[in-house]
Amino acid sequence: MCQTKSSVAAASLTKRHKALPVKFSTMADSSNRRDPIKSSVGNAAATRRRQHAVTVAKERRESLMRAKRLCRVGIGGADGDGEVSLDSDMWIGEEQSVLESQTSLAVENLKSALAFQGKGAVQKRVGALQELRRLLSRSEFPPVESALKAGAVAMLVQCLSFGSPDEQLLEAAWCLTNIAAGDPEETKALLPALPLLIAHLGEKSSPPVAEQCAWALGNVAGEGEELRNILLIQGALLPLARMMLPNRGSTVRTAAWALSNLIKGPDPKAATELIRVEGVLDAIIRHLKRADDELATEVAWVVVYLSALSNVATGILGKSDILELLVNRLATSNSLQLLIPVLRSLGNLIAGDSHATYVILIPGREITDNATGVLVKCLNSENRVLKKEAAWVLSNIAAGSIEHKQLIYSSEAVPFLLHLLSDAPFDIRKEVAYVLGNLCVAPTKGDDKPSLILEHLVSLVDKGCLPGFIDLVRSADIEAARLGLQFIELVLRGMPNGEGPKLVEQEDGIEAMERFQFHENEDLRTMANSLVDQYFGEDYGLDEQ
């Protein structure tokens, strides 16, 4: 595809996370053109959203919302479905060697119980399972290796056989859940158990048994792509999806958490399949509308991965009531664990579906005003993730129509953004810079050269944003440096009365650009050298002499 020459300002300031028609070129030499982004909404955005999904998966592993979870409290107590006797004698910090020897003995006892066929055989098996389960639940680092070496998985699979009492099934699934919370190789040891765990998700199983099996499968899915693919091939997605449909809080929580692990990609096929399951969209909306924060958090994580990975899911979600529900949750909740996935979901939907920006978030509508308000609330939060995510969402709204840009420009967000550009950690400053840059560039149509929104540019520069962009030029981050150069070009080209070069020089912008004179990145080298040559060449300053 050929490309007409356009200014540096046409670069990703106009659209970064949304892929609407945007042209890229260097300013002085059209022979150094880059391929333009001329794709439908979702293509470039999908890459960005998938990168977000990887990032948030890492964040989730490192937070309390771990990709794997030990089960220490019995299933069913929350809803009164199948109360399970709990043990209060959890051991913390017990000598690991003692725990390991007791675990090996417990597995041997289970083996003996399985071989026993006399009167009371069921009680004997359940008792042996309970003892093993207690040991696997008593330490922050359960003695999984000892259980596996003693042959626990094969015996637990035997205990999952159809026709077994619910108490036996529950205890066996509980043991497998905690084994699956171990190291990667320990989790893979559950492969022989997966078909039966999936089978017990069905409607014929009691809710506690189905939920405990879902928990075990969620731990397996949380291990990585290889095991996720095995679970998908074996048919785990559909029964887990159906577990989200009823209004049974504990079951829905566990199923949603397991599904968020199962569909987290990178292949979008599972996310697309999930959103097409009959009743899932309605269930997601219902739970987000009515559920408590804990349940809504797990459902919101499902929405994060649906909207991050699947353009099909993003389109379906964007045309539902979910945007309004997400905005309402942001406005009414103070739960950080809920706010993060809700904000991430909102950002994914706005980044990935033009319907969200141009049909729903119309300036003047109540939902748009509410969305702006909650994003300002997040910018003002003490939490780093909320600030960064809010800036990302605002950058995509600001990449919309002139009306969207004016909406953000006239809102309470701008003072917070200017402050963050100066004082926030680097990753937040970069996101903020995209918002402010997008506010200064008008949308393009076809091959039209992008024009400046002079009022916004002059006002933001007068309020002190230029040093923040020049700092980005000095950074080692290529994307940030490019963004800084693009904004410098706006200032050089657009400030009235030729003030741009003087302002850039006053903030040591020439020195910042000259560091790219021999830079290994050809794009940055050409951009910086072109700006210096055009605006600070031999004739610079002669009119003042």
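I shall speak about confidence, then the overall fold, then a few aromatic rings.

This is a predicted model, in which local features need pLDDT of at least 70, side-chain atom pairs count only at pLDDT 80 or more, and totals for chains, interfaces and linings use all residues. Residues are numbered from 1 along each chain as its sequence is written, and side-chain values use heavy atoms, with hydrogens and water left out.

The pLDDT, the predictor's confidence in each residue from 0 to 100, averages 84 over the protein, and 82% of the residues score at least 70. Over residues 1–46 the value is below 50, yet beyond near neighbours in sequence this stretch has 136 contacts in the model, a contact being heavy atoms within 4.5 Å.

Turning to the fold, the protein has 30 helices and 0 strands; helices (H or I, at least four residues) and strands (E, at least two) are DSSP runs, numbered from the N terminus. Of the 545 residues, 58% are buried, that is, under 20% relative accessible area with a 1.4 Å probe, protein chains only.

What is the number of aromatic pairs in the structure? There are 2, where rings of Phe, Tyr and Trp (its six-membered ring) pair if their centres lie within 6.5 Å, and planes under 30 degrees apart count as stacked. Phe469 and Phe487 form a stacked pair, 3.8 Å centre to centre with 10° between the planes. Phe469 belongs to helix H26 (residues 466–473) and Phe487 to helix H27 (residues 478–494), 18 residues apart. Both Phe469 and Phe487 are buried.

Terms used. Phe/Tyr/Trp six-rings, centres within 6.5 Å; stacked < 30°, edge-to-face > 60°. Buried < 20%, exposed > 50% of the residue type's maximum accessible area, 1.4 Å probe, protein only.
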